[in-house]
Amino acid sequence: MSHAPQPPNPADSPLQIDRTALEQLAALLLEKVGLKITPDGYYGLRLAMQARMPALGLSDGQDYVRRLRQLAGEAELRGLLPLVTVGKTEFFRDTRQFRAIEHTLMPQMLARARRASRHVEIWSAGCATGEEPYSLGMVAVEAGALGGEVDVWATDLNPAAVEFARVGLYPVRRMIGISEERIARFFTFSDAGYQVLPAVREMVRFEGHNLAAPVFPHVLPGSKDLILCRNVIIYFDQPTIRGLMDRFFDALRPGGVLLLGYSESLFRISSKFEMFEIDGTFAYRRPWPQDGTPTAPPPRPSAPAPAPSAPRPLQHVLPRRPTTGTFRFPLPPPSAPPAKPRPSEVHRSPVERLDDVVRLIEKGDFPQAMLAAHRLTDDHPEDLAALLTLGNVHALMGNADEARDCFAKALRAEPLCVEARIYVGLACLQEGKLEEAKSELQKALFLEPTLSLGHYLLAQVHEKRGEKEAALRCYRNAVQQRRYSQRALLGHYPELPGSSDAIAQAAQYRLAALSES
Ligand SMILES: C[S@@+](CC[C@H](N)C(=O)[O-])C[C@H]1O[C@@H](n2cnc3c(N)ncnc32)[C@H](O)[C@@H]1O
């Protein structure tokens, strides 16, 4: 059980963060990563600045923003991003994962712990302002956990967020994502907001903790039943993620489960874990020992790297639309009731249904793919992969407004969604809106500089704009990213080269062609 020393609270130091500094930072985030932070979210911005400024020896918020604007400020801006999205966390974030916890994981963990006369140990790693660990506590109570049966250890780097979380008092606007029944059951209401009841608060122990630290001396090996580390590692570099995953592996019991965020995967990061599907979502498990019980279902292979395809000329890399110009697939009127799921869809998981959509897209049957994706997003509006895929189908069919709407919804759900930026970039590229395509792809690359596909697409934009030198530079960048593993993107877009080898080959083909021209 860990008792890490509490880091000093920077809120105690005399930091000068005035409204102008917050406005300047909000403007910078909008410009660089397309993150829209309204004055409602300035509280989160302030917390993030309080956490980052002391390490740079800065006490003035405006100096900090000036530092971010310098060339060398890019690394700091990336470090700041997971903190500014603190405000983004919410109760029961990612309904599919919470459904899996509620229906399967929590009852299993409780049953196993009871059989072994021990308590369940859960770690919410990167817990932000506490919504995630408190949601776990509520699920535990609903599953019949008695006092002391479940211990949720909730940690975060940001001491101000940890302090906020400990109090467990949330303004009304932070209560989205939580049902009225749960609000009535687990919160008290006062003028100050909604406070989590002591019965749940006592289940959760908050502490400051840096996940990037090379060792976790206070974490008992093999002690955790479940670790949630969601939307935290996206901006860690690969060696840091690898080290962290090793430490998580050691911290988990055999059979213990790790849940990552929507865009995070261990694809080519760690092969120690088994990936498995559970209630329509993916999770990672520390395998049971070979001779051990119970037996785990066979792991579902992580997204396979497509075989390197032969280099294709530019015009073949992007799929052609079914028709060109002003074609618009006739859509149901907005007032029409949502199409009912087909009987064959009723018992299928969202993952299986999305696989069906992908098959239709690959067959070139965009109208059917669109209808199936519509039904899927109606049934599972929280499903980011389905939403992004629907956006792509709309874009390919020339339904630009509907496509934008899907991508905007995805960005509302996940403001730093790299895929949404890539797909908007692709849609703009197809529509010939090159300035916008460039800006979107640059945002994607700011968020994920090692994304080979992003460099490749940006090169295509430059090529179309006749900017030969810039195109060459971006193709070279695309080739260079081969040394980094490329994660599978969420959502489907047909015919995109998937593996870093395939992208590098296509980029090399273009480099050769451009150099000759
Ligand atoms: C976007 S929030 C995610 C909150 C929650 N896990 C969720 O998914 O809703 C990311 C959190 O990671 C924390 N974080 C970033 N770097 C960290 C580090 N090195 N160690 C611990 N926490 C970190 C940030 O302070 C922030 O609270």
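User: What counts as a contact here?
Analyst: Contact means heavy atoms within 4.5 Å. Helix 7 (residues 159–167) lies across strand 2 (150–156) and strand 6. This is a predicted model, where local features need pLDDT of at least 70, side-chain atom pairs need 80 or more, and totals for chains, interfaces and linings use all residues. Residues are numbered from 1 along each chain as its sequence is written, and side-chain values use heavy atoms, leaving out hydrogens and water.

User: What makes a run of residues a helix or a strand?
Analyst: Both are DSSP runs numbered from the N terminus: helices are H or I, at least four residues, and strands are E, at least two. Aspartate 151, for one, is found in strand 2.

User: How do you know that strand 8 and strand 10 pair?
Analyst: Pairing takes at least two bridges found by DSSP. Two bridges join strand 8 (residues 252–260) to strand 10 (residues 281–285), so they pair, and they run antiparallel. Valine 257 stands opposite arginine 285 in strand 10.

User: Why do strand 6 and strand 9 stand at the edges?
Analyst: The open sheet has seven strands in the order 6-2-1-7-8-10-9, with mixed pairing. Strand 6 (204–208) and strand 9 (274–278) each have a single partner strand, so one side of each has no neighbour in the sheet.

User: What does the angle of helix 7 to strand 6 tell us?
Analyst: Angles run from 0 to 180 degrees between N-to-C directions, using axes fitted to C-alpha atoms, for helices over the stretch in contact. Helix 7 runs at about 165 degrees to strand 6.
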